[in-house]
Structures are given as structure tokens and as C-alpha cells.
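Let us take a walk through this fold together. Please have the sequence and the 3D view open side by side as you read.

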Amino acid sequence: MPRLSEVIAALDDLWPAERAESWDAVGTVVGEPDQEVSRVLFAVDPVQEIADEAVKLGADLLVTHHPLYLRGTTTVAASTSKGRVVHTLIRNDIALHVAHTNADTADPGVSDALAGALDLNVVRPLVPDPADPGGRRGLGRVCELPHPLTVRELAARAAERLPATAQGIRVAGDPEAIVRTVAVSGGSGDSLFAHVRAAGVDAFLTADLRHHPVSEFSADRARSPLALLDAAHWATEWPWCELGAAQLDEISDRNGWDLRVHVSKTVTDPWTAHVASAPTSNAMGAPN
Ligand SMILES: [Zn+2]
């Protein structure tokens with residue numbers, strides 16, 4: 001059975017902490033380096049539900065994409081929600097390790113997992129990491145569809161292949177437009193519009209797109225007839241959990257560790273319900 005420090009070293013090889021953004025908070029949050037690890041749980045969010053799931057599973061290590069404390073704290077009192085997570089983990093000898101923007105830009109990374117879930121062929125990073133001479137690391141991915149789809153069909157595929165959330169998939173653009181190339185970015189993609197425009201793709205799939213960027217982008221659609229697909233943030237990043245778990249599984253086999261690696265299927269997207277407006281003539285789905 002490996003020690004936590006050995007498993008963390010393997011995770012750091014996959015997602016080196018120094019490749020995280022300067023504002024990010026990645027790495028080990030909770031854990032004794034010498035504790036033994038036999039069971040690992042991957043999840044997007046280090047929230048109480050996930051900590052409870054890790055306890056139930058008998059996990060020794062929880063690996064999440066989002067940091068527990070991004071901006072620092074002066075208390076881990078169990079009367080705070082995050083402090084309660086810390087207490088739950090420590091009381092049950094569960095370590096917590098975070099791979100966030102260092103997993104976003106990795107090869108393979110969060111957007112490779114998203115592209116893989118939709119059967120897209122990755123061509124290159126949307127925003128290449130200048131420090132990577134191989135040109136495979138970076139933010140987002142530019143992808144080709146093996147067979148062209150309409151925007152409506154691509155949205156339907158995303159709705160079917162990504163885990164179900166209350167939000168589903170929001171679309172901006174002509175539902176019948178043909179998509180041959182698509183940029184994808186797991187998580188919030190608002191800041192990537194200029195790169196998407198420069199990539200000259202037919203569509204952009206990401207999460208958390210806000211009114212003004214979408215409105216400005218749509219107004220310019222005559223110049224670049226690009227469709228926007230907006231999925232739930234959690235859903236766009238969840239495929240990375242399966243990817244990361246498979247990567248750790250392989251490392252475990254190679255090292256003769258016999259780790260049990262699990263992926264949480266608990267939906268931790270904070271939006272919990274969606275009510276469609278009354279049907280309108282330009283709705284994607286025909287009213288019935
Ligand atoms: Zn995220």
C-alpha cells in the first residue's frame with residue numbers, strides 16, 4: 001500500500017503545482033504524508049456532500065478539481081461550511097488534494113476530457129502554453145467533429161453525454177448551422193472569446209457565459225457565424241474526474257499499488273432546478 005506522499009508525488013507528476021495560475025490554490029489541503037492510501041475518490045467540488053461520500057466509501061484520499069480555500073482563511077472551525085469539510089476529512093483520516101488550473105492546462109487535461117466525452121477529435125490547445133515546446137498543453141481545445149453536426153445535434157449530444165444537470169445546455173445561434181470545428185473549454189469560458197474568434201471555429205462549448213459577452217459576440221455573428229453552447233460548469237469539468245481516475249489507476253497498476261480509484265457521481269452543480277419559459281417561435285425544441 002502506498003503512502004500518501006507517494007500518491008501525491010504521482011499526482012504532482014500529472015499536474016505539477018507550478019503550472020497552476022498564480023491566483024490559484026492547488027496541492028494538498030489535508031493529509032499526513034505517511035498515512036497509507038488504498039482508496040481514492042475523485043470529484044469536482046470539495047463540498048460536504050462529497051466529504052460525506054468519501055467517508056461512506058472508506059476513502060483515504062479525496063482528489064478534487066476546485067480548491068477548498070481559494071482565498072485563504074483564518075478559521076477551520078466546524079461551525080463554518082468549509083471548516084466542517086476539514087473536520088470531516090481529518091476525523092476520518094481522509095486527505096484532500098486539489099488539481100485545478102494545473103489540470104486545466106495539462107496534456108491530457110480538463111478540456112481533453114470534455115472533448116472526449118463528446119467524441120470530438122482534439123487538434124490543438126485553444127490558448128497554447130508558451131512554456132510547452134510540444135504545443136499540446138494549454139487552455140481549452142480546438143476540435144474537429146468526425147462527422148459534421150448541426151448546432152442542434154451538437155447541443156443534443158452535449159446534453160446526452162455530459163452528466164445531467166438542472167441547467168442542461170443553453171444555445172446562442174442558428175440551430176441548423178453546420179458545425180465542423182468546435183472550441184471547448186471546461187469551466188468558465190467568458191475570457192476566451194478573443195481566442196475562439198481567432199481560431200475560426202464554428203462553435204464554442206463552455207460554461208458560465210454571461211449576458212454581455214454573449215450579446216456582443218452574437219451581434220458580431222455576421223462576421224463569424226459562430227454558435228455558443230453553454231453547459232453547467234460542474235458538468236463540463238466532471239469528465240476530468242474519470243480521466244484523472246483512469247490515469248491514477250494506470251499509475252497504480254504500474255507501481256503494483258492496487259489502489260481502488262472511484263469517481264463521484266454526485267451532482268454538485270449549485271443550480272438545482274430549471275423551469276422553461278413559455279414556448280416561443282424561435283425555441284430550439286418545437287412546442288408540443
Ligand atoms: Zn471549475
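Predicted model: local features only at pLDDT ≥ 70, side-chain atom pairs only at ≥ 80, totals over all residues.

Residues are numbered from 1 along each chain as its sequence is written, and side-chain values use heavy atoms, with hydrogens and water left out.

Let us begin with the overall layout. The protein is assigned domain 1 (4–100 + 238–262) and domain 2 (105–231), with bounds that come from an automatic or database domain assignment. Their C-alpha centres are 28 Å apart. Where the two meet, 9 residues of domain 1 are in contact with 11 residues of domain 2, contact being heavy atoms within 4.5 Å.

Next, look inside. A nonpolar core here is a set of buried Ala, Val, Leu, Ile, Met, Phe, Trp, Tyr and Cys residues joined through side-chain atoms within 4.5 Å. Buried means under 20% relative accessible area, exposed over 50%, and partly exposed in between, with a 1.4 Å probe and protein chains only. The largest such core has 50 residues, and Val-40, Phe-42, Leu-61, Val-182 and Trp-240 have the most contacts inside it. Helix 9 gives the most to this core, 8 residues; helices (H or I, at least four residues) and strands (E, at least two) are DSSP runs, numbered from the N terminus. Both domains take part, since at least three residues of the core come from each of domain 1 and domain 2. Another core, of 15 residues, lies apart from it and has Ala-51, Leu-62, Leu-68 and Val-85 among its members. As background, nonpolar side chains tend to be buried together in soluble globular proteins.

His-66 sits in the loop between strand 3 (61–64) and helix 3 (81–91), while His-233 belongs to helix 9 (residues 233–255), so the pair ties together parts that are 167 residues apart in sequence. His-66 is buried at 15% relative accessibility, and His-233 is buried at 18%.

Two helices show how buried residues are arranged. In helix 1 (4–14), the buried residues are Leu-4, Val-7, Ile-8, Ala-10 and Leu-11. They fall within an arc of 155 degrees seen down the axis, so they line one face of helix 1; the arc is that of the directions from the helix axis to the C-beta atoms. Their cover includes strand 1, strand 3, strand 4 (95–98) and helix 9. Helix 2 buries Gln-48, Ile-50, Ala-51 and Ala-54. Here the arc is 165 degrees, so these residues too line one face of their helix. They pack against strand 2 (39–43), strand 3 and helix 3.

Finally, trace the backbone. Just after helix 2, Gly-58 takes a positive phi of about 80 degrees. Asp-93, in the loop between helix 3 and strand 4, has a positive phi of about 55 degrees although it is not a glycine, and at 56% relative accessibility Asp-93 is exposed. Asp-258 likewise has a positive phi, of about 60 degrees, in the loop between helix 9 and strand 11 (260–263). A cis peptide bond, with omega about 0 degrees, joins Asp-107 and Pro-108. For context, most residues other than glycine have a negative phi, and most peptide bonds are trans.
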